[in-house]
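Please read it with the structure open.

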Amino acid sequence: MNLSTENVTLYAVFVCDILKHYEDKKEEYHPLFDMADRADLSQPFNKVPIQLYNDMCSWIEKELGKFNLIVVGRKIGETVYQGLTDNGLIKTSATPLQVMEGLIKVANEMIQDPEKRGWEVVKYEKNSITMRRTQTFNRNLQLGLLDGLIRKSGVGGVKVDYSKSIESGAEYDEYLITWV
């Protein structure tokens, strides 16, 4: 996987979503907020380096634990879903596959990457989807993001786990999303 973040930006709204989750503990988690000081977050569509976003995710994972990062990912997934429906990219009755196709579209628009990395649907079956992450977003935050998105499609018994992992030698992380 190409891990370069050179010239890769994303919209400030994603950094704001992370900070919003910790706003009530701003004093306690000041290093996280200090990182964000180097970016212009005054408008949601301002472009910020993806490396800032990744650094913030790494800080949360290291200082607060993987589960905290997954919870933030779920909230971001809900925000993404709301954006998808508000902008007519998907309907509120969207199937899990339609939701994932919406994620691919929004990632391609909201992340500016000269390499055009993002998300791919690897496989779709009646009660599962396998998604491949080709962008440098934090891998564990994506567990929560995918979970939050799929749950909004109205299916139950959602589970998201790695089917392939770069930590285990795979070229890309692939996420198996299942539901009942």
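Predicted model: local features only at pLDDT ≥ 70, side-chain atom pairs only at ≥ 80, totals over all residues.

**The four-stranded sheet**

Those strands belong to an open sheet of four, ordered S4-S5-S7-S6, with antiparallel pairing. S4 (119-125) and S6 (159-164) stand at the edges. Each has a single partner strand, so one side of each is left without a neighbour in the sheet. From one strand to the next, the twist averages 25 degrees. S6 and S7 (residues 173-178) run antiparallel and are joined by five bridges. Lys-159 has Thr-178 in S7 as its bridge partner.

**Glu-174**

Strand S7 also holds Glu-174. Is this residue buried or exposed? Its relative accessibility is 6%. Buried means under 20%, so Glu-174 counts as buried. Its side chain makes a polar contact of 2.7 Å with the side chain of Arg-132. Leaving aside residues up to four places away in sequence, Glu-174 touches Val-122, Thr-130, Met-131, Arg-132, Asp-161, Tyr-162, Ser-163 and Lys-164.

**The three-stranded sheet**

Another open sheet has three strands in the order S2-S1-S3, again with antiparallel pairing. S2 (47-49) and S3 (111-112) are its edge strands. Each has a single partner strand, so one side of each lacks a neighbour in the sheet. Three bridges pair S1 (residues 9-11) with S2 in the antiparallel sense. Within this pairing, Leu-10 stands opposite Val-48 in S2. Helix H1 (residues 12-22) packs on the sheet and touches S1 and S2. The direction of H1 makes about 65 degrees with that of S1.

The bridge counts and angles are set out here.

| Pair | Value |
|---|---|
| S6 and S7 | five bridges |
| S1 and S2 | three bridges |
| H1 and S1 | about 65 degrees |

**Helix H3**

H3 covers residues 50-64. Gly-65 follows the helix. Its phi is positive, near 105 degrees.

How values were computed
Residues numbered from 1 in each chain as written. Heavy atoms only, no water. Pairing = 2+ DSSP bridges. Helix = DSSP H or I, 4+ residues; strand = E, 2+ residues; numbered from the N terminus. Axes fitted to C-alpha atoms, helices over the stretch in contact; angles between N-to-C directions. Expected span 1.5 Å × (residues − 1). Buried < 20%, exposed > 50% of the residue type's maximum accessible area, 1.4 Å probe, protein only. Polar contact = N/O pair within 3.5 Å; in protein donor to acceptor, adjacent residues only side chain to side chain. Contact = heavy atoms within 4.5 Å.
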